[in-house]
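Colleague: I have the chains open. Please take me through the terms one by one.

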Amino acid sequence: MDISQYRSKLARFQSSIALFVLCLALSILSDKFLTPENGWNILRQTSVNVCISVGMTLVVLTAGIDLSVGAVLALSGAVAAGLLKTGIELPSNDLFVGFTLLGTIVVGLITGSFLGFFNGWVITRFKVPPFVATLAMLTIARGFTMLWTKGYPISGLGPNFAFIGTGWFLGVPVLVWIALIVVVVAVIISNKTAFGRYIYAIGGNESAAKLSGIDIGKVKVLVYTIAGALAAVGGIMVTSRLDSAQPNAGMGYELDSIAAVVIGGTSLSGGRGSIMGTVLGALIIGVLNNGLVLLDVSPFWQQVVKGLVILLAVIIDKVNSKAE
Amino acid sequence: MKQFKLLVLLLILFAGCSGNNQKSDEPKKVAIVVSTLNNPWFVFLAETAAKKAKELGYESKIFDSQNNTALESDHFENALASGYDAILFNPTDAAGSVSNVEKAKKAEIPVFCMDREINSRTAATSQILSDSYSACVELGKLFVDTLQKKGQYVELLGIVSDNNTWNRSKGFHSVVDNFPNLKMVAQQSADFDRNKAMEVMESILQAHPQIDGVFCGNDAMAMGAIQALVAAGKSHVKVFGFDGSEDAVIAVSEGKLAATAMQYPKDIAEKAATFAHEYFGGKRDFPQKLPIAVDVVNKSNIDQFTAYGKKE
């Protein structure tokens with residue numbers, strides 16, 4: 001085996017190695033790090049970012065980007081919370097529509113899916129760059145969230161709804177189950193289905209994909225719809241965990257999510273990367289967030305450290321892809 | 001053809017402007033410029049100011065500076081250009097907002113600062129202030145008493161680039177740091193965000209399971225901290241917030257939150273609107289600084305309070 005082969009083998013495991021080294025270092029630096037309770041904390045805290053980042057990975061694989069996930073998360077969560085708390089009153093004919101728990105969740109998910117669909121439609125129909133289209137959606141969804149909540153949090157949503165965010169099932173937090181299901185489904189879709197192959201093909205070489213008969217528009221719209229739906233899943237998770245929909249929820253989540261994708265080794269120019277890489281990327285961010293607090297590192301330094309980690313991940317990725 | 005259309009458009013625009021300048025019996029217009037609408041406290045401040053202005057017979061419009069002094073500067077220029085007669089102003093930054101207010105002064109438009117002050121004693125017509133620093137001094141005193149001068153505590157800071165974060169933190173520490181048996185075991189930022197506060201608190205509890213108190217820079221973070229503490233079976237830990245939001249007032253009455261600071265945004269906003277009204281009526285001698293008292297809210301006096309103010 002020559003060096004370049006060896007290197008590309010190493011590249012495949014770079015995220016796992018990084019996560020392992022990080023965990024090892026933190027267990028040496030703090031005896032509080034490697035405890036079951038702290039492990040569950042990290043998994044619970046990472047689960048929302050994992051869901052969003054899975055959607056982001058699919059988008060990035062098509063050489064796109066979705067900046068609207070944080071805002072879509074906020075709006076979907078707020079819509080679900082508002083409907084659960086007060087329902088809808090139609091003053092014109094004295095009609096009151098109440099919602100069941102399942103009903104609010106479904107409407108929340110539909111909200112996110114629709115916003116994602118709209119992103120995809122604008123991007124494919126009008127050839128708007130994804131960066132611009134989803135940046136516009138970020139602002140639009142933030143605006144609608146403020147309109148819907150009038151700027152105030154919607155709190156006190158009841159124990160049934162809170163079960164999603166705080167409950168346990170078979171010894172594992174419900175939030176972690178949700179993330180696990182999302183990841184398993186996404187791995188199957190991206191590796192075993194024609195749709196998954198199309199995503200990689202489009203990101204790898206769009207004109208070649210078009211010539212081979214792939215309906216590029218359809219695939220892209222579906223990918224952005226999935227990203228929106230998964231942001232909505234994240235919105236329900238965050239809202240349930242806090243027992244409150246915050247008007248400014250999900251602020252900056254798009255950056256955490258892009259960071260997870262990049263650290264996980266998915267190329268921003270599309271066509272190369274994996275869901276599992278992103279999961280590792282999200283875990284690295286989660287472990288880093290947790291570890292820096294455990295060590296009581298100053299908040300100023302935390303920002304610097306996180307930025308450096310992202311930079312390092314991208315540089316390693318660049319070096320490795322050149323080696324290939 | 002295209003140029004002709006543009007010319008017509010320009011003419012219409014200018015006609016519109018000159019029309020605006022000649023009004024006399026039209027209602028006066030009040031611009032409300034707030035630092036951010038991403039925090040319910042400021043939403044309430046802005047809405048109350050708008051409501052009061054309407055009651056007094058004025059048109060009003062809310063401008064959101066999004067915590068950005070450059071955007072704030074644009075809002076001032078637009079407000080001055082489009083003929084607003086007064087500005088009710090919640091500054092983004094004590095130093096960075098001064099030049100904006102001076103711009104208005106030059107145009108002879110009165111500015112009334114709300115809640116936060118600017119570093120100038122001459123630019124604004126009047127400043128109706130609620131002082132985060134001294135409110136946190138009061139909270140600090142209560143904190144010391146509640147913890148009986150000893151124990152370990154955690155501080156959750158707001159956004160570290162926001163001057164409110166440090167005003168509150170410094171006020172608190174000016175009291176608490178005088179008690180050597182009160183030990184701060186962790187000082188972390190949770191960006192004024194409920195979710196972030198919960199996550200940070202969960203992590204801190206791993207490193208320091210034996211804590212007695214938590215001081216939070218706002219109520220949203222206090223609510224997040226409480227959720228983490230309750231989930232960890234540590235509801236005995238005393239949590240202190242700041243703002244007097246609806247969630248916090250309920251939490252104090254249920255005994256979950258030890259205390260919060262009530263800043264009376266309603267009084268501040270209504271005072272500012274009333275000052276503008278008096279200014280239009282010809283009054284000119286306003287106090288440069290009018291402090292509005294801040295009250296500490298805890299279990300003993302909670303029955304007098306509702307969200308963002310006293311019960312009426």
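Modeller: Here come a few terms, each set against its rule.

Modeller: This is a predicted model, where local features need pLDDT of at least 70, side-chain atom pairs count only at pLDDT 80 or more, and totals for chains, interfaces and linings use all residues. Residues are numbered from 1 along each chain as its sequence is written, chains are lettered from A in the order in which they are written, and side-chain values use heavy atoms, without hydrogens and water.

Colleague: Why is H3(B) called roughly parallel to H4(B)?

Modeller: The axes of H3 (residues 69-81) and H4 (residues 98-106) of chain B cross at roughly 10 degrees. Angles under 35 degrees count as roughly parallel. So H3(B) is roughly parallel to H4(B). The angle is taken between N-to-C directions of lines fitted to C-alpha atoms, from 0 to 180 degrees.

Colleague: Which residues of H3(B) meet H4(B)?

Modeller: Among them are Phe76(B) and Leu80(B). In H4(B), the partners include Val101(B) and Ala104(B). Contact means heavy atoms within 4.5 Å.

Colleague: What makes Arg44(A) and Glu202(B) a salt bridge?

Modeller: Their side chains meet at 3.5 Å, N to O. The rule asks for a side-chain nitrogen of Lys or Arg within 4 Å of a carboxyl oxygen of Asp or Glu. Therefore the pair qualifies. Across the interface of chain A and chain B, the rule finds 2 salt bridges.

Colleague: How much area do chain A and chain B bury between them?

Modeller: About 2600 Å², with 48% of it on carbon and sulfur atoms. Buried area is the accessible area (1.4 Å probe) that two parts lose on being put together, summed over both. The contact takes 32 residues from chain A and 29 from chain B.

Methods:
Helices (H or I, at least four residues) and strands (E, at least two) are DSSP runs, numbered from the N terminus. Angles under 35 degrees count as roughly parallel, over 145 as roughly antiparallel, 65 to 115 as roughly perpendicular and the rest as oblique.
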